[in-house]
Amino acid sequence: AQAHREGVTETIEGVKVVAPHTIELTYEEAYAPALERIGTEVGIIPKHIWEKSAIGEWKNATDIMNKPIGTGPYKFSEFVPGQYVELTANENFFQGVPKTNKYIFRITNQDTAVAAMANGEIDIADVSNFKPNELEELKKTGMNLIVFPGKSYQYMGFNMRDEKLQPKEIRQAITYAIDRQTILEQLLQGNGTIINAPTLPTSWAYPKEDLNEYAYDTQKAIELLKSIGYEDRNGDGIVESESGEDLTLILTYPVGNKIREQYAMVIKDQLAKVGIQVELEVLEFNALLDKVMSNHEFELFLLGSSLSLDPDPKPYWSSSAASDEKGVAAWNIPGWRNEVADKLMEEGLFTMDRAKRTTIYQEFAKIYNDDPPTVLLYAPNITKAHSDGLKNYAPTTFVDYFNVHNWEIE
């Protein structure tokens, strides 16, 4: 059997039932993230339901998907498209009958959510996109706020196939020239964390020291550009190479994300201050993926990505996850290749000792930080609001509902 995740194939050598509710999986070799992969990414589905449909046709089995059957603390009760999903307690749940009998997921919008929470119509809501004044209004209604790091991050990628972007000095200079702190404070009202490695900042794998923080420094950026031959020799405000070619870069990004569209303009303006001319190219999301991810026709791009519970960077940053062939998409979009980093990523997968894995991944992070294939902009926080009467609600970065059977309304 094979479990496939974003370009990495983990081969399972054998599966054996060892007890009525226990199976044993044997891998061909040691694989440190195995338990996390199986435990969080592979769901248990009822054979007697799904065997009625051919596996290749599962995506079309809407009658089954619209009335799902699982093993969790709640059972499907009713679904009204565009309005709500109603669940009722599963009296046979293995951890005991849930303390709250009914759970309703309602679809609402930000404009009406505050009033609905104030009126007691909503007990839980994701308010990550609310502005500070809206969050203050929520507090006045008696709602409690929980803030914690999200599992995504926003970044600007470089095309490492482009000769002018291959010297790390130009990529470091661009990172110094972008005021990430101002972007975070003004566009996200501080609701996020600046990161300097593609790892969850609260993870054991994120280095606590020895990372270049790339604090905003236009003079440092200018010095780095000069060290590789870029100077404004004719006084037009744009730096040129030694052969006289202006340093002009095209920044490609998808339409539809207002904050991203705003910081694209900020990046253009800030890079102009160090003599780099940026032209903006806005595409529909699918068109961008086709151009950037599949055909590798870009210089700079803006996108977001997600982080996994286990800090496995191989699907995104190993040389094996990169493609230079037109029409062949790959998750290592910049095409970053670093032999030392490759060895560390591989070693991290097959090292079972947590302390040793920590050292391995922190060394990888330092290499990435020094030879950056991206400008890591920020990791947005998640903010949840819940009513004062809801007890035992404890969401985390990766799991909201792990203890939902213990949630209780007083």
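1. Glutamine 154 sits opposite tyrosine 378 of β14. The two strands involved, β9 and β14 (residues 374-386), run antiparallel and pair over 4 bridges; pairing here takes at least two DSSP bridges between two strands. Strands are DSSP runs of E with at least two residues, helices are runs of H or I with at least four, and both are numbered from the N terminus.

2. A word on provenance: this is a predicted model, where local features need pLDDT of at least 70, side-chain atom pairs count only at pLDDT 80 or more, and totals for chains, interfaces and linings use all residues. Residues are numbered from 1 along each chain as its sequence is written, and side-chain values use heavy atoms, with hydrogens and water left out.

3. Back to β9, which also pairs with β13, again antiparallel, over 7 bridges. On that side, tyrosine 153 faces serine 305 in β13. Strand β9 (residues 152-158) has 6 of its 7 residues buried, so the rest of the structure largely encloses it. For the cut-offs, buried is under 20% relative accessible area, exposed is over 50%, and partly exposed falls in between (1.4 Å probe, protein chains only).

4. Aspartate 312 is buried at 5% relative accessible area. A polar atom of its side chain lies 3.0 Å from the backbone nitrogen of lysine 314.

5. Asparagine 403 is another buried loop residue, with a relative accessible area of 11%; its loop joins β15 (390-391) to β16 (408-409). Its side chain makes a polar contact with the side chain of tryptophan 407 at 3.0 Å. A polar contact is a pair of N or O atoms within 3.5 Å; within protein, one must be able to donate a hydrogen and the other to accept it, and residues adjacent in sequence count only if both atoms are side-chain atoms. Ignoring neighbours within four places in sequence, asparagine 403 touches Asn392 and Ala394, with contact meaning heavy atoms within 4.5 Å. Proline 73 is 330 residues away in sequence, yet its C-alpha is 9.3 Å from that of asparagine 403.

6. Helix α8 covers residues 218-227, and the side chain of serine 227 reaches the backbone oxygen of leucine 224 at 2.6 Å. Serine 318 is 91 residues along the chain from serine 227, and their C-alpha atoms are 29 Å apart.
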